[in-house]
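Please look over the sequence and the model before reading on.

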Amino acid sequence: MNIKRALEWYFTGAITTRPPELLPAYKRIVKTMQEFGRVPSAHVADDDPYHPFVGKKRKSDNVHDFDFAGLRNSVALVAELSGATTGGGAEVDYAIRAGMPVLATWHKAHHASWYITQWANSSCAPPNLQLIPYESEDHLEGIIKTFCSGVQKALPPRNGLYIVVEGGDGCGKSTQSGRLSAYLKEKGYDVAGSREPGGTEQAERIRNVLLSPREKEPLHPLAELFLFEAARAQLFDQVIKPNLREGRMVVTDRSFLSTFAYQGFGRQLGVQTIDPLNQLATDGISPDLAFIIDVDFSQAKIAVGEFGNDRDRIEREGQEFHARVRQGYLAAAERHRNVHVIPYIVNGIDEMQARIRVITDKFLEENVIK
Ligand code: TYD
């Protein structure tokens with residue numbers, strides 16, 4: 001299987017001060033990045049004389065209202081921060097926290113963003129941030145080329161496809177992912193199925209510690225998080241990466257999006273804690289296509305007591321926990337590319353599957369090179 005890899009980078013520059021003499025540098029940055037793929041940017045206005053992107057309207061002058069969609073879909077961010085006290089800070093902050101590689105650069109004759117430089121030089125400097133001043137435009141071009149080709153090389157190979165089905169407890173996602181696998185096999189794809197937590201001998205043992213109704217000792221939220229990540233690291237090493245390398249499709253029940261929703265939101269450990277661990281355990285591989293079955297706790301099977309005394313620790317959690325998980329899933333859908341929310345339909349297994357298949361077919365048509 002040969003998969004198209006559409007690389008998207010994101011560029012942001014000083015918007016508050018926007019020194020006019022930097023326009024050529026902005027243009028050079030964008031041109032260099034374009035050699036490696038598409039470059040979306042937030043700071044776009046028809047009438048902006050200093051910005052290289054014209055022809056698109058920006059929604060607002062307030063930095064917090066900028067459309068972050070391009071950033072969400074990007075693999076990395078380059079920020080030009082010369083002359084700005086805070087300019088570009090919101091996007092850089094977002095990208096760092098989302099775990100993407102970030103290059104922040106500024107002309108030596110200017111000051112860079114105070115906020116970002118302080119962060120980079122602090123004891124909690126984010127490992128995904130590079131802060132490099134440039135001396136000339138040629139120097140700048142060199143820095144960006146090194147950065148972009150480094151990011152490109154670090155991206156996992158793309159000859160397989162990683163598809164996940166997610167959702168709150170009792171939404172029937174296992175049924176949906178099983179049917180999707182069968183459908184893809186019928187279409188002639190080589191499909192490997194798996195699940196999280198689990199999928200290897202060791203990871204299934206970790207699953208038992210996490211979920212067996214027999215386990216009575218309460219688990220510290222961090223212990224729970226580390227165990228989910230431990231199982232994930234094992235699954236990626238033993239199953240997901242080898243299968244993707246060999247060009248198979250991997251369809252799994254759950255993924256790091258579960259950790260984002262359950263531990264990040266449900267347990268309220270927060271995105272800053274969850275993101276780097278997810279990144280580490282998956283080696284930066286995220287689903288090419290994901291479905292989240294969006295279910296309200298009261299509609300799910302669990303609420304009508306189908307699990308009885310067999311409920312695991314997480315299923316036993318109350319309504320508020322599950323409501324936070326749901327909110328976490330919706331937040332995940334906002335921030336990751338190719339994540340589709342499928343509304344839960346009571347007694348609607350076939351209908352939900354039909355929706356999943358329509359989206360999958362379209363995705364395959366657009367991305368698989370025959
Ligand atoms: P699941 O595999 O869906 O089992 P079942 O088939 O019994 O529904 O359940 C796994 C449980 O673990 C589910 O409650 C969600 C939870 N979970 C997390 O809290 N974090 C994670 O990272 C993962 C993968 C699962």
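A crossing is right-handed if the near helix is turned clockwise from the far one by less than a right angle, and left-handed if anticlockwise. The model is predicted, so local features need pLDDT of at least 70 and side-chain atom pairs 80 or more, while totals for chains, interfaces and linings use all residues. Residues are numbered from 1 along each chain as its sequence is written, and side-chain values use heavy atoms, without hydrogens and water.

**H9 and H11**
- H9 (residues 256-266) passes H11 (residues 319-335) in a right-handed crossing; helices are DSSP runs of H or I, at least four residues, and strands runs of E, at least two, numbered from the N terminus.
- Their axes (lines fitted to C-alpha atoms over the stretch in contact) come within 8 Å and cross at roughly 130 degrees, on a scale from 0 to 180 degrees between N-to-C directions.
- The contact (heavy atoms within 4.5 Å) includes Phe260 and Phe265 of H9 and Phe321 and Tyr329 of H11.

**H1 and H5**
- The axes of H1 (residues 23-34) and H5 (residues 137-154) come within 9 Å and cross at roughly 30 degrees, which makes the pair roughly parallel.
- Among the residues in contact are Ile29 and Met33 of H1 and Leu140 and Ile144 of H5.

**Glu196**
- Glu196 lies in the loop between strand E7 (191-195) and helix H7 (201-211).
- Glu196 is buried, with a relative accessible area of 4% (buried is under 20%, exposed over 50%, partly exposed in between, with a 1.4 Å probe and protein chains only).

Terms used: Parallel < 35°, antiparallel > 145°, perpendicular 65-115°, else oblique.
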